[in-house]
Amino acid sequence: MSAVSVAALDDHDRDWVRLILSGHWGGPEIVTRGAVHQGDQLPGFKALINNVAVGLLTYRFYRDECEIISLNSMRERLGIGTMLMTTVCNWAASKRCHRVWLITTNDNSYAVKLYEKLGFRIAAIHENALLESRKLKPSIPMLGFNGIEIRDEIEMELLLHNRPLV
């Protein structure tokens with residue numbers, strides 16, 4: 001198997017990002033904590049195998065925090081998500097961010113396990129937050145993984161102060 005590499009997104013990637021977000025998120029708009037993010041316009045990283053993009057992570061940088069907006073791996077169990085997360089956390093640490101955080105939903109136990117394995121912790125559970133999110137993006141489905149009703153946002157964070165780079 002070929003090695004996975006990671007590169008920053010550039011303007012030439014925007015159509016691909018839009019395609020991935022549309023396929024995985026129902027469009028390029030991503031809603032977190034009551035805010036709509038235009039995911040195809042955000043900075044991010046792509047994972048590559050033999051120059052073929054197999055993973056995507058988008059983020060936004062605000063003050064001294066980095067919010068991960070989206071994470072997608074097109075090939076499971078190869079460490080692509082871990083590599084993208086490690087890259088963005090190292091980038092955030094180099095920019096003196098004190099916190100990297102993200103939102104996932106109550107149905108996504110696979111994501112929660114990945115983030116906890118990487119050192120993230122649950123910072124908050126925003127009960128019934130998807131009621132408001134669906135007002136901003138009505139295409140958010142009612143049911144998620146394993147037929148579980150998508151209701152709550154789970155806020156996860158990694159505090160970077162005094163933390164060695166992974």
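Let me start with a term: helices here are DSSP runs of H or I with at least four residues, strands are runs of E with at least two, and both are numbered from the N terminus. One more term before the pocket. On a 1 Å grid over the protein atoms alone, a pocket is an open set of points with protein on both sides within 12 Å along at least five of seven lines, a cavity is a set where a 1.4 Å probe fits but cannot get out, and lining residues have an atom within 4 Å of a point.

Now the ground rules. This is a predicted model, where local features need pLDDT of at least 70, side-chain atom pairs count only at pLDDT 80 or more, and totals for chains, interfaces and linings use all residues. Residues are numbered from 1 along each chain as its sequence is written, and side-chain values use heavy atoms, with hydrogens and water left out.

First, the overall picture. The protein has four helices and nine strands. Along the sequence the pattern reads β-α-β-β-β-β-β-α-β-α-β-α-β. The C-alpha atoms fill a box of roughly 40 × 35 × 30 Å along the principal axes. Of the 166 residues, 46% count as buried, meaning under 20% relative accessible area; exposed is over 50%, and partly exposed lies in between (1.4 Å probe, protein chains only).

Next, the largest pocket. Its volume is about 1200 Å³, counted as the space filled by probe spheres set on grid points, which are joined across faces, edges and corners. The lining has 46 residues, and Trp25, Leu71, Asn108, Ala111 and Phe145 lie nearest the centre. Which helix gives the most to that lining? Helix 3 does, with seven residues. Other elements supply at least two residues each, among them helix 1 (14-25), strand 6 (65-73) and helix 2 (80-94). By class, the lining has 20 nonpolar, 17 polar and nine charged residues. Here Ala, Val, Leu, Ile, Met, Phe, Trp, Tyr, Cys and Pro are nonpolar, Asp, Glu, Lys and Arg are charged, and the others, Gly among them, are polar.

Now some loops. Two asparagines deserve a look. Asparagine 50 sits in the loop between strand 4 (44-49) and strand 5 (52-62). Its phi is positive, about 50 degrees, although it is not a glycine. Asparagine 50 counts as exposed, at 58% relative accessibility. Asparagine 146 is in the loop between helix 4 and strand 9 (153-159). Its phi is also positive, about 55 degrees. Asparagine 146 is exposed, with a relative accessible area of 76%.

Aspartate 152 and asparagine 128 are 24 residues apart in sequence, yet 4.8 Å apart in space, C-alpha to C-alpha. Beyond four places in sequence, aspartate 152 touches residues including Thr104, His126 and Asn128.

Last, leucine 9. It lies in the loop between strand 1 (4-8) and helix 1. At 11% relative accessibility, leucine 9 counts as buried. Leaving aside neighbours within four places, its contacts include Trp16, Leu42, Phe45 and Leu57.

Note on methods: Contact = heavy atoms within 4.5 Å.
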